[in-house]
Structure formats: C-alpha cells, structure tokens
Amino acid sequence: MTTRSAVVKAPGEKLLRVSLDLGGGVVRAARISGDFFIHPEEGVLLLEKALCGAPEWDELVLRLQSVVDAGGLELVGVSIESIARGALEAVSEYDAETSS
Amino acid sequence: METWRLILDPPGRGARNMAVDLAVLHSLVRTVCSPTLRLYSWNPPAVTIGYFQRIEEEVREEECRREGVAVIRRVTGGGAVLHEHELTYSVFIPLAHRAAPRSIRESYELLCGPIVDALRGLGLDARFSPINDVLVGEAKLSGSAQTRRDGVLLQHGTLLIDVNAGRMFRLLNVAKQKSAKGEPQDRVSSLRRLLGERALSADFAAGLAGRIARAFSERLDCDFEEGRLSAREEEEALRIERELFNLDAWNRDRSIRPVFAGPAD
C-alpha cells in the first residue's frame with residue numbers, strides 16, 4: 001500500500017489536500033483535509049468514501065455531485081471539482097511511479 | 001427588543017473552552033431559549049485545528065508537547081489557530097431566528113459585522129473579507145468558523161490582541177501555498193500592533209468585550225442580559241471535555257461524532 005497526496009488551492013477556495021491509500025490499482029482509503037467547510041461536517045466521510053474503489057475517474061465529478069445532492073451537503077471554500085482534481089493528481093503520481 | 005444571554009467567561013483551558021461551546025449549543029437544541037453570546041479567552045494557550053484538518057499535517061506535536069500546549073480539533077471547519085493573546089467570541093442562534101440567514105456565506109457576513117463595528121469604534125479601518133475573515137488593511141485580525149447542528153447555528157471566532165509570531169510558527173505548519181501571498185507574519189495583525197501597548201491591559205480587554213457586546217446588540221437589534229452557564233451546561237461541558245475533546249479518538253479521527261446531550265428537559 002502506498003499513500004499519495006495532492007494539494008489543491010483553487011482561486012477563492014481554501015487549501016485542500018487529498019490523500020489516497022493505493023494498492024493493487026485500487027483506492028483503499030481516501031482522506032480529504034484542509035481549512036474549508038462542509039455542512040453537515042460528517043458529509044466529508046461520504047465524499048471520502050466516493051473516492052474509494054477502482055473509480056472511473058472521468059465520472060468522479062458526477063459521483064461526488066450525487067453524494068452532495070443525496071446528503072444535502074453544502075461546500076464552502078471547497079468544491080467537488082477541486083476534490084476530483086486532487087484525487088486525479090494523487091492517482092496520476094502513483095501511476096507514473098508504478099509504470100516507470 | 002429581544003433579550004439575549006451574555007456570558008463573560010474567565011480564561012479557560014482549550015478543551016474546556018471548546019466543550020462549553022458545544023454544551024451551550026446543545027442547550028439551545030434542547031430548549032427553546034434566546035440566542036447567546038459568549039466571550040472568553042485562553043489560559044494556558046492552546047492550539048485548535050479545524051474539523052477537516054489533521055493534526056499531523058497542521059501541528060508540530062513535539063513542540064506543542066514541549067511547551068505544554070494542548071491540541072484540540074474543533075467541531076467547526078476552518079484553519080489551525082494558536083490561541084494565546086486573544087478575545088474569542090461564540091454566538092449561538094436557532095436557525096429559525098432572523099439573525100441566522102439560511103445562506104452560510106451571508107451568515108458569516110452578518111455575524112462578523114459586529115466585530116467589524118467594534119474595531120471601527122476603536123478607530124481601525126476594519127472590513128469583512130469573505131469567506132470568514134475580518135481584515136485591517138490587508139492583514140487578518142479576526143477569523144471565524146461556523147457549524148450548524150440540530151437546528152442551531154454556532155459561530156466562534158478569534159480577535160487577536162497580540163501575536164507571538166515566533167511561537168505560532170514554531171507550533172504550527174504554515175503551508176507553502178499560503179505563504180505565496182507574502183510573509184506569513186505580515187498577513188496577520190493584532191490590536192497591540194495597531195493600537196500599541198494599551199491593548200495588553202486588563203482594562204482594555206474588558207472594554208473590548210463590552211464593545212463587542214454593544215456592537216452585536218446594535219447590529220442584531222437585541223439587548224443583552226449577563227448570565228452564566230446553567231448547572232446542566234456546566235455539567236455537560238465537563239462531560240464533553242472528558243469524553244470528546246480530551247480524546248485522541250476525536251482529535252485524530254473523524255469517525256466519532258460529537259457526543260450529544262440527553263433528552264429534552
């Protein structure tokens with residue numbers, strides 16, 4: 001298992017870090033951290049869960065959006081696009097290492 | 001005019017301060033009562049991190065241990081703070097109340113308004129800076145964070161009286177991305193820096209608390225009656241301190257929820 005992180009600071013947003021535990025080409029666990037706000041706060045666990053598995057990365061934003069809609073989450077100072085971007089960056093770093 | 005409760009708390013330890021905030025929030029959830037404004041400070045100094053932050057990313061734990069500074073994760077989002085020379089406010093408002101706009105961004109602006117007013121009353125050119133800051137010039141003097149739980153809004157925030165920059169940068173990791181805006185020490189200000197040594201006196205602190213209460217009263221059209229924590233709030237604060245904010249299970253792990261109060265009165 002390898003952990004890879006990416007930091008995203010989108011304009012107008014707070015600092016976001018996405019850390020993924022990767023093994024066997026699969027995301028085993030994900031952590032979304034930073035100084036943003038998500039209401040209700042426990043909703044972050046649902047977003048982290050949505051990053052796990054062997055996700056179709058193209059659909060990541062849509063998947064995160066469905067979590068936001070289903071949970072009635074409100075994101076302030078962070079966006080699903082930034083979370084998806086952080087996850088993609090963390091995975092691509094891992095892919096680059098494992099394919100080299 | 002509606003009467004709100006004003007609680008002026010003595011300086012408290014970190015876990016205690018955060019536990020009282022949660023106990024008062026629970027109290028408003030349980031009973032139909034008026035909004036509350038709590039003003040307090042910190043002794044000994046403590047570090048708090050935001051709900052979504054991780055201690056290992058934000059805090060130099062070894063240094064904190066060496067200096068006897070406790071590290072506590074808040075129930076609110078936002079950034080890591082070294083609470084040392086500051087006045088802290090917490091405001092508790094039922095979500096159905098006129099002073100709790102549904103929009104989170106709007107409610108930050110509304111509830112940071114009294115902080116801006118109080119600073120302007122001191123002759124400072126203060127302004128609200130979205131999402132959750134109050135600036136004087138380009139430097140931050142106050143930051144706030146909000147949560148909404150079970151129909152009640154809690155917003156708490158700091159007002160920096162003095163900044164121990166050396167200690168702050170010794171205890172906290174300052175992310176490189178943030179430093180791109182300029183030198184970290186220039187992005188934070190304090191009342192001492194702006195107003196001089198008089199900002200450090202006990203009289204000044206008491207006067208500042210009065211100014212903030214008056215500013216809330218004027219901006220939100222309410223009167224204050226000074227009160228104290230109820231026996232139940234006191235008892236619950238002790239329990240929350242022990243069973244939540246003193247536990248690694250809370251401070252390091254998001255999998256436990258803030259403990260909740262018992263049945264309604």
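Mentor: Gladly! Keep in mind that this is a predicted model. Let us start with one residue: Gly123(B) is exposed.

Trainee: What is the relative accessible area of Gly123(B)?

Mentor: A residue counts as exposed when its relative accessible area is over 50%. Gly123(B) sits in the loop between helix H4 (104-121) and strand S7 (126-129) of chain B. Gly123(B) passes that cut-off, with a relative accessible area of 65%.

Trainee: How far apart in space are Gly123(B) and Leu195(B), C-alpha to C-alpha?

Mentor: Start with the sequence, where 72 residues separate Gly123(B) from Leu195(B). Then turn to space, going from one C-alpha to the other. The separation there is 9.2 Å.

Trainee: Is Val27(A) buried or exposed?

Mentor: First find the residue: Val27(A) belongs to strand S3 (residues 26-34) of chain A. Its relative accessibility is 4%, and the cut-off for a buried residue is under 20%. Val27(A) therefore counts as buried.

Trainee: What distance separates the C-alpha atoms of Val27(A) and Gly53(A)?

Mentor: Along the chain, Val27(A) and Gly53(A) are 26 residues apart.

Trainee: Let me step back to whole chains. Which pattern does chain A follow along the sequence?

Mentor: Begin with the inventory of chain A, which has three helices and five strands. Now put these in order by reading along the sequence. The pattern of chain A is β-β-β-β-α-α-β-α.

Trainee: Why is chain A as compact as a globular protein of that length?

Mentor: The comparison rests on the globule rule, which gives 13 Å for 100 residues. Chain A is close to this value, so it is as compact as a globular protein of that length. Its radius of gyration is 13 Å.

Trainee: How many helices and strands are there in chain B, and what is its radius of gyration?

Mentor: Chain B contains 11 helices and 11 strands. For 265 residues the globule rule gives 18 Å, and chain B is close to this, so it is as compact as a globular protein of that length. The radius of gyration of chain B is 18 Å.

Trainee: What share of the contacts in chain B with a separation of 6 or more comes from residues 24 or more positions apart?

Mentor: Contacts here are pairs with heavy atoms within 4.5 Å. In chain A, residues 24 or more positions apart account for 47% of the contacts with a separation of 6 or more. For chain B the share is 74%.

Trainee: How far apart are the mean positions of the positive and negative charges of chain B?

Mentor: Chain B carries 38 positive and 38 negative charges.

Trainee: Now for the two chains together. Which three residues supply 30% of the area that chain B buries against chain A?

Mentor: At this interface, 26 residues of chain B are in contact with 23 residues of chain A. The two chains bury about 2,100 Å² between them, 57% of it on carbon and sulfur atoms. On the side of chain B, three residues supply more of the buried area than any other three: Phe52(B), Ile104(B) and Arg254(B).

Trainee: I would like to look at the backbone too. What is omega for the cis peptide bond that joins His39(A) and Pro40(A)?

Mentor: Pro40(A) lies in the loop between strand S4 (37-39) and helix H1 (43-50) of chain A. The bond that joins His39(A) to Pro40(A) is cis. Its omega is about -15°.

Trainee: Where is Pro44(B) found?

Mentor: This residue also takes part in a cis peptide bond, from Asn43(B) to Pro44(B), with omega near 0°. To place Pro44(B), look to the strands on either side of its loop. Pro44(B) is in the loop between strand S2 (36-40) and strand S3 (46-49) of chain B.

Trainee: One last residue, please. What is phi of Asp221(B)?

Mentor: Asp221(B) is in the loop between helix H9 (202-220) and strand S11 (222-227) of chain B. At 45% relative accessibility, Asp221(B) counts as partly exposed. Its phi is positive, in a residue other than glycine, with a value near 55°.

Conventions:
Residues numbered from 1 in each chain as written. Chains lettered and ligands numbered in written order. Predicted model: local features only at pLDDT ≥ 70, side-chain atom pairs only at ≥ 80, totals over all residues. Heavy atoms only, no water. Helix = DSSP H or I, 4+ residues; strand = E, 2+ residues; numbered from the N terminus. Rg over C-alpha atoms; globule rule 2.2 N^0.38 Å. Lys, Arg positive; Asp, Glu negative; His and termini not counted. Charge placed at Lys NZ, Arg CZ, Asp CG, Glu CD. Buried area = accessible area lost by both parts, 1.4 Å probe. Buried < 20%, exposed > 50% of the residue type's maximum accessible area, 1.4 Å probe, protein only.
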